[in-house]
Amino acid sequence: SDEKKVKVVFVLGGPGSGKGTQCANIVEHFGFTHLSAGDLLRAEIKSGSENGTMIQNMIKEGKIVPSEVTIKLLQRAMQDSGNNKFLIDGFPRNEENRAAFENVTKISPEFVLFFDCPEEEMERRLLNRNQGREDDNIDTIRKRFKVFVESSIPVVEYYESKGKVKKIDAGKPREEVFEVVKSIFSAIDK
Ligand code: UP5
Ligand code: MG
């Protein structure tokens, strides 16, 4: 079936660890389509959808949006892309996201890229980002860190137990991080 040919890499890491930045690099070199779950949710708010206000409130509080909503957006974006190789950035964020995605799509990831970055560095990056994100204020940033540790790290641990995690030191400069990322994707591209 078509589904069997679909390749998914989950890109996980704390808020500000550099997921979006490195995904843009990967797209340029390796022909993946980048789907940021957070970007899709923010676009859904802007579109004036009936879920918009709920999503906006959850993002402001650093909470995880119900998986039905996120999975629907991801599935639609995958279909619309015409591609079969996806970087799914910032999802799954908790065990329920993970199980629901696998049940609904029957897709399991080729591997999981995990950007491991010290919290002080992530905080510095987010406070300097200046792109008008409503969740880039110190109160929300602290909530995002807490949710990451409590809910998202267990997802990384789950995939670690399956031998699927490629952990990257993401506290380094962009170019150095990409050298490591590139070596991982070059190895699987053969
Ligand atoms: N930067 C990047 N790399 C750098 C480096 N090596 N050295 C120095 N600076 C570096 O980078 C952040 C900033 O750091 C940028 O200014 C960049 O230039 C610089 P970025 O690449 O944007 O990091 P990223 O990891 O993508 O950070 P982001 O803030 O997007 O991560 P989050 O996981 O917090 O945000 P996301 O958009 O995924 O989710 C936002 C919210 O949406 C969540 O809190 C949640 O409420 C909701 N959400 C869900 O509910 N469900 C989902 O499935 C997804 C999101
Ligand atoms: Mg991002």
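**Exercises on a predicted model**

Asn 97 lies in helix H5, which covers residues 95-105. The model is a predicted one.

**Exercise 1.** Decide whether Asn 97 is buried or exposed, and state which residues it contacts outside its sequence neighbourhood.

*Solution.*
- Step 1. A residue is buried if 20 or more other C-beta atoms lie within 10 Å of its own.
- Step 2. Asn 97 has 21 other C-beta atoms within 10 Å, so Asn 97 is buried.
- Step 3. With neighbours within four places in sequence left aside, Asn 97 is in contact with Ile 64, Ser 67, Thr 70, Phe 91 and Pro 92.
- Step 4. In UniProt, an unreviewed entry gives Asn 97 the feature "binding site".

**Exercise 2.** Describe the surroundings of ligand 1 by residue, class and helix.

*Solution.*
- Step 1. Ligand 1 is surrounded by 30 residues, the closest being Pro 15, Gly 18, Thr 21, Gly 38 and Gly 90.
- Step 2. The shell divides into 11 nonpolar, 11 polar and eight charged residues.
- Step 3. At least two shell residues come from each of helices H1 (19-30), H2 (37-46), H3 (52-60), H6 (119-129) and H8 (174-188).

**Exercise 3.** Work out the order of the secondary structure elements and whether the chain is as compact as a globular protein of its length.

*Solution.*
- Step 1. The chain has eight helices and five strands.
- Step 2. Along the sequence they follow the pattern β-α-β-α-α-α-β-α-β-α-α-β-α.
- Step 3. The radius of gyration is 16 Å, close to the 16 Å from the globule rule for 190 residues, so the chain is as compact as a globular protein of that length.
- Step 4. Among contacts with a separation of 6 or more, 80% join residues 24 or more positions apart.
- Step 5. Of the 190 residues, 32% count as buried.

Definitions and conventions:
Residues are numbered from 1 along each chain as its sequence is written. Chains are lettered from A and ligands numbered from 1 in the order in which they are written. This is a predicted model: local features need pLDDT of at least 70, side-chain atom pairs count only at pLDDT 80 or more; totals for chains, interfaces and linings use all residues. Helices (H or I, at least four residues) and strands (E, at least two) are DSSP runs, numbered from the N terminus. The radius of gyration is taken over C-alpha atoms; the globule rule is 2.2 Å times the number of residues to the power 0.38. A residue is buried if 20 or more other C-beta atoms lie within 10 Å of its own, exposed if 12 or fewer, and partly exposed in between; C-beta atoms are placed from the backbone. Two residues are in contact if their C-beta atoms, placed from the backbone, lie within 7 Å. A residue is near a molecule or strand if its C-beta atom, placed from the backbone, lies within 6 Å of it. Ala, Val, Leu, Ile, Met, Phe, Trp, Tyr, Cys and Pro count as nonpolar, Asp, Glu, Lys and Arg as charged, and the others, Gly among them, as polar. UniProt positions are given in the numbering used here, feature names are shortened, and annotations may be inferred rather than shown by experiment.
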